[in-house]
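Here are some notes for a colleague who is opening this entry for the first time. Please read them with the sequence and the model side by side.

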Amino acid sequence: MTRPRPPLLVPGLVKESKTPGQVGEVGGIVGSSLYIHFGLKQRKLPWRAMNTQDTEIVEQLFLEFSVQEVLQNETNGFPIVEPWASEYVNAIRDGRYGDDVWARYHIAGDVYGGIIEGTDKTVLEMIEEEALGYKVSDPEVYDVALSFYAKTKPTDGHPEVIEIIMRIGSQYVTAIRAQLRAQRRAEALADLE
């Protein structure tokens, strides 16, 4: 049985849980801290009023969730887990976009031993594969993403993520298409073995 949605603390922004412990629900604001319940654990996050950046997607290719969607667990059925949900939110707010992409690829809790469940790929391999696809399918949007990721802070803990995104961005689409064809061919041959 699902619990009814709790009333809003601030209309349209933060939900208050009348029954603490509901996954993803806000337990309340105490002083300057926001308490969010993830399973049996309660996480304390610094609270601040949500601004425009919190309600909007900051970059549409790799970071498809807004801060508000993650905080309120409104990701259209896409699972989010801790500590990755908090890292996603904090990295966006801190301007550490490599950390943010890294958290996004872990946020569903489906990375085990460095491999994304259902694939034989590491997070970095998946980021590269998706970057190649994005660059080929929508180079104009990818160029917008490049200018966004160029602004990442030097305190970013995953500069290798930014390096992949920038490297793919500097490649020509025809070269990327050839690389994708070669990858697909190699994968098809491996499946035949």
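With which residue does Lys 135 form a salt bridge? The partner is Asp 143, and the closest N and O atoms of the pair are 3.8 Å apart; a salt bridge here is a side-chain nitrogen of Lys or Arg within 4 Å of a carboxyl oxygen of Asp or Glu.

1. Basis of the notes. The model is predicted, so local features need pLDDT of at least 70 and side-chain atom pairs count only at pLDDT 80 or more, while totals for chains, interfaces and linings use all residues. Residues are numbered from 1 along each chain as its sequence is written, and side-chain values use heavy atoms, with hydrogens and water left out.

2. Overall make-up. The protein chain has 8 helices and 7 strands, these being DSSP runs numbered from the N terminus (helices H or I, at least four residues; strands E, at least two). Of its 193 residues, 40% count as buried, where buried means under 20% relative accessible area, exposed over 50% and partly exposed in between, with a 1.4 Å probe and protein chains only.

3. The pair of Lys 135 and Asp 143. Lys 135 is buried, its relative accessible area being 7%, whereas Asp 143 is partly exposed at 41% relative accessibility.

4. Lys 121 forms a salt bridge with Glu 187, and their closest N and O atoms are 3.0 Å apart. Lys 121 sits in the loop between β7 (115-116) and α5 (123-137), Glu 187 belongs to helix α8 (residues 173-192), and 66 residues separate the two. Lys 121 is buried at 17% relative accessible area, while Glu 187 is partly exposed at 39%.

5. Arg 167 and Glu 163 form a salt bridge with closest N and O atoms 3.2 Å apart, and both lie in helix α7 (residues 159-169), 4 residues apart, or about one turn of the helix. An α-helix has 3.6 residues a turn, so residues three or four places apart point the same way. Arg 167 is partly exposed at 29% relative accessibility, and Glu 163 is also partly exposed, at 41%.

6. Salt bridges link Glu 87, Asp 94, Arg 96 and Asp 99 in a network. In helix α3 (residues 84-94), the buried residues include Ala 85, Tyr 88 and Ile 92, and the helix is followed by Gly 95, which has a positive phi near 75°.

7. A search of the whole structure finds 10 salt bridges.
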